[in-house]
Amino acid sequence: MENELYDVVIIGAGPAGMGAAVYAVRAGLKTVVIDRSPLSGGQILTTYEVDNYLGLPSLSGGELSDKFREHADQLGVKFITANVQAIEETAELSKYRIHTDKSILQSKTIILATGASHSLLNVTGEKEFTGMGVSYCATCDGAFFRKRTVAVIGGGDVAVEDAIFLSKICQKVYLIHRRDQLRAVDSLQKKLFSLENVAVLWDSEVQEITGTDKVTGISLYHKKSCEQSQLDVDGVFIAVGIVPDTELCKELVEMDEKGYVIADETCTTSKKGIFAAGDIRKKQMRQIITAVADGANAVGSVQSFLNKTFCK
Ligand code: NAP
């Protein structure tokens, strides 16, 4: 176990975690960020273009996260690459032990910024063909489908961004959505509808992903006409939302029925000394800018908590 006692351990190096780290170090708090990946950035690493982060338009997710990391590095933020396995509450006033696969750290407070992962579509063929035509990351796998035909499933920002990205590589892209209206932001929809090689299939549910040794098609069900059809595709990109990565804290803090940590904009959870920032928090808007803002708010709350608890 390390002897050092941190003021704050930040778990997760996505926008929320890196935002928190910058604020924590500037506030003079003894801080460390732990992430299982040496590459900081979290979900934005797989975003091909971010066009709504104030002051830095049209960067790729990778470029934006490099800028976040550079900023944190300039301020001397300490990063550790490790897998956090458990958080232990000690008998001492406000002291937690953070068990990782490499060491045990001690801290007065914790900011949970573990983000979210992609949801599964849960249809036959999805599991079987993952890596053989089924993908959850257009920027990672799009190049394998050059001049081919692919389907993107979903109607949110990620699905539409993926369809736009893939339209530049693939011959034909089908966006398959279960309703007759997209959830994605208007500017993305406008871009999507202007693309000649993208067709949107409305009110359509995927029933099965079919193939032999790799994907060859999908079976569709049209909800309004009740008709079934088969669509030939070489690849299927699934973008049907996210699930919060809260396995680590599920016994520790209160969560809603979807597994998001309940915390208001001060990021204060039901457990004293533990704060939640970014996509894991129950909130309305999950954007990079709101994740970064959560990081700042969480540090403000950490400071008040430390002042109240240790400087009476
Ligand atoms: P999302 O906004 O939750 O959209 C998920 C989409 O998948 C919805 O259109 C939903 O349909 C559909 N869907 C869900 N379950 C389905 C199922 N079983 N079968 C078929 N379709 C299904 O998720 P997201 O696009 O992954 O985005 C996640 C969050 O990140 C959002 O809050 C988004 O705004 C945010 N985001 C932010 C940025 C940024 O800051 N620049 C970029 C990308 C994403 P319905 O519409 O019918 O519910």
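## Close-up views of a predicted model

**View 1. Strand β9 pairs with its neighbour β10.** Five bridges link β9 (residues 149-153) and β10, and the two strands run parallel. Helices (H or I, at least four residues) and strands (E, at least two) are DSSP runs, numbered from the N terminus. Strands count as paired if DSSP finds at least two bridges between them. This is a predicted model, in which local features need pLDDT of at least 70 and side-chain atom pairs count only at pLDDT 80 or more, while totals for chains, interfaces and linings use all residues. Residues are numbered from 1 along each chain as its sequence is written, and side-chain values use heavy atoms, with hydrogens and water left out.

**View 2. Thr 149 sits in strand β9.** Its bridge partner in β10 is Lys 172. Is Thr 149 buried or exposed? Thr 149 is buried, with a relative accessible area of 17%. Buried means under 20% relative accessible area, exposed over 50%, and partly exposed in between (1.4 Å probe, protein chains only). Leaving aside residues up to four places away in sequence, Thr 149 touches Gln 171, Lys 172, Tyr 174, Asp 232, Val 233, Asp 234 and Gly 235. Contact means heavy atoms within 4.5 Å.

**View 3. Five strands make an open sheet with parallel pairing.** The order is β8-β15-β9-β10-β11. Which strands stand at the edges? They are β8 (134-135) and β11. Each has a single partner strand, so one side of each is left without a neighbour in the sheet.

**View 4. Helix α5 (residues 186-193) has buried residues.** These are Leu 188, Gln 189 and Leu 192. They cover an arc of only 100 degrees around the axis, which puts them on the same side of α5. The arc is that of the directions from the helix axis to the C-beta atoms. An α-helix has 3.6 residues a turn, so residues three or four places apart point the same way. On the other side of α5, Ser 187 and Lys 190 are exposed. The cover over the buried residues of α5 includes α4 (157-167), β10 (172-176) and β11 (198-201).

**View 5. Helices α1 (residues 15-26) and α6 (residues 288-310) pack together.** Their angle is about 40 degrees, and their axes are 7 Å apart. Axes are lines fitted to C-alpha atoms, for helices over the stretch in contact, and angles run from 0 to 180 degrees between N-to-C directions. From α1 come Pro 15, Ala 16, Gly 19, Ala 20, Tyr 23 and Ala 24. They meet Ile 288, Ala 291, Val 292, Gly 295, Ala 296 and Val 299 of α6.

**View 6. Strands β12, β13 and β14 form an open sheet, in the order β12-β13-β14.** The pairing is antiparallel. At the edges, β12 (204-211) and β14 (228-232) each pair on one side only. Neighbouring strands here are turned by 25 degrees against each other on average, direction ignored. Five bridges join β13 (residues 215-222) to β14. Ile 218 has Leu 231 as its bridge partner in β14.

**View 7. Ser 58 and Cys 267 have a positive phi.** Ser 58 is not a glycine, yet its phi is about 60 degrees. Ser 58 lies in the loop between β2 (31-35) and α2 (61-74). Ser 58 is partly exposed, with a relative accessible area of 44%. For Cys 267, phi is near 70 degrees. Cys 267 lies in the loop between β16 (242-244) and β17 (274-276). Cys 267 is buried, at a relative accessible area of 0%.
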